[in-house]
Amino acid sequence: MHNRKKPDAPPSEAETKALKEKTFMYKSLVDVVLQKKHVKDKSVETLTLVGKLLKLNPDFYSLWNMRREILLESFPSLATASPEAKLDLPDVRDVELQISADGIRRNPKSYGAWHHRLWIADRFVMDFEGELQLCKEFLRADQRNFHCWNYRRAIHQRSQLPPLHEFEYSTEKIQENFSNYSAFHHRSCFVKESGMDISALIEQECSVIENAIFTEPDDQSAWWYQQFLFTWLLTQYNDLGISLDTYVQSLEQQLATVQSLLEIEPNSRWAMNSLVFLVGVFDRVRGQYTSEFTLSQVDTLHALRKQLLDQLCVLDPNHKNRYLHLIRNLP
């Protein structure tokens, strides 16, 4: 879990004794289950024992495989289940979902528990809205749990809910924390399908970026999203029905916004990198838009980019060679 410190104090004698007893019980149960696996015992009793063991240790990935093998043996139609022909067995499904949820609560980053949950979702009739609600619970506990974000996207894809649903959810999570890189990534997956008017969408996204960079100028999340947004719009503006005028106006607005931030935070390397990127984007569209820019404006932007790259060589020596490479390739 993020931002959770482990206790510094050593365990007491009573705690150590209890841990030894629990370890002995765990090892004994492991021996029993592995023996049943060896003899290919796929009974209900084995399934129950595997479930108990997974609640204790959801990272024992072989047991998740064993559990699925027993389920396939008990319900052969699972092998041929599909989105169009899922099993409607709520009792079986709910037991599996509960075991997965218990494992995730024990270890929110358990690959096996998340994979098993999606395996069940692909084969049983599901309450997809309930699953999205459960994801909300888990993301309240750890807002950057990429397993949960990935699962949420997978469930949304299967649910056929409108993309705007997830786009708005990303807004909620970003407003809670502008440093939530996972929420910005989630947003990037759904912004293309939000269904919003494209002009209103651009205005809204620029506002989200502006609020984030002025709140957390040293966090990379919003800066990354800015690069994603303007690169996507640049490569797709014809298909999206955006005029070049609209794109360039948004670009100019971002240039002005970041320059304003740089006046407040003169040593912000993220702001400097952003301006270098935005001037580069401007260069890519300038050939189609030369009538709107005077030579002095072009020269000013190019001089600013060179100045910023020189500063970055000093402020960010770990990436100096990258900046020198960019300087050597300036037009």
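## Tyrosine 61 and helix H3

Helices here are DSSP runs of at least four residues, numbered from the N terminus. In this predicted model, one such run is helix H3, which spans residues 61–74 and contains tyrosine 61. Tyrosine 61 has a relative accessible area of 59%, and because the cut-off for exposed is over 50%, tyrosine 61 counts as exposed. Between the C-alpha atoms of tyrosine 61 and serine 274 there is a separation of 43 Å, the two residues being 213 apart along the chain.

## Packing of H2 against H3

Two packed helices are described by the angle between their axes and by the distance between those axes. For helix H2, residues 44–56, and H3, the axes come within 10 Å and cross at roughly 155°. That angle makes H2 roughly antiparallel to H3, since an angle over 145 degrees is counted in this way. The crossing of H2 and H3 is left-handed.

On the H2 side, the contact is formed by Thr46, Leu47, Val50, Gly51, Leu53 and Leu54, and on the H3 side by Leu63, Trp64, Met66, Arg67, Ile70 and Leu71. Sorted by class, the residues in this contact of H2 with H3 are 9 nonpolar, 2 polar and 1 charged.

## Packing of H7 against H8

Helix H7, residues 146–159, packs with helix H8, residues 163–176, at an angle of about 155°, and their axes lie 10 Å apart. H7 and H8 are therefore roughly antiparallel to each other, and the crossing of H7 and H8 is right-handed.

From H7, the residues that make the contact are Trp149, Arg152 and His156, while H8 contributes Pro163, His165, Glu166, Tyr169 and Lys173. The residues in this contact of H7 with H8 comprise 3 nonpolar, 2 polar and 3 charged.

## Cysteines and disulfides

How many disulfides does the model contain? With a disulfide taken as a pair of cysteine sulfur atoms within 2.5 Å, the count comes to 0. Cysteine 148 is in no disulfide, and the nearest cysteine sulfur, which belongs to cysteine 135, is 4.0 Å away. Because buried means under 20% relative accessible area, cysteine 148, with a relative accessibility of 0%, counts as buried.

Cysteine 189 is likewise in no disulfide, the nearest cysteine sulfur being that of cysteine 135 at 14 Å. With a relative accessibility of 28%, cysteine 189 counts as partly exposed.

How values were computed: Residues numbered from 1 in each chain as written. Predicted model: local features only at pLDDT ≥ 70, side-chain atom pairs only at ≥ 80, totals over all residues. Heavy atoms only, no water. Buried < 20%, exposed > 50% of the residue type's maximum accessible area, 1.4 Å probe, protein only. Helix = DSSP H or I, 4+ residues; strand = E, 2+ residues; numbered from the N terminus. Axes fitted to C-alpha atoms, helices over the stretch in contact; angles between N-to-C directions. Parallel < 35°, antiparallel > 145°, perpendicular 65-115°, else oblique. Left-handed = near helix turned anticlockwise from the far one by under 90°. Contact = heavy atoms within 4.5 Å. Nonpolar A, V, L, I, M, F, W, Y, C, P; charged D, E, K, R; others polar.
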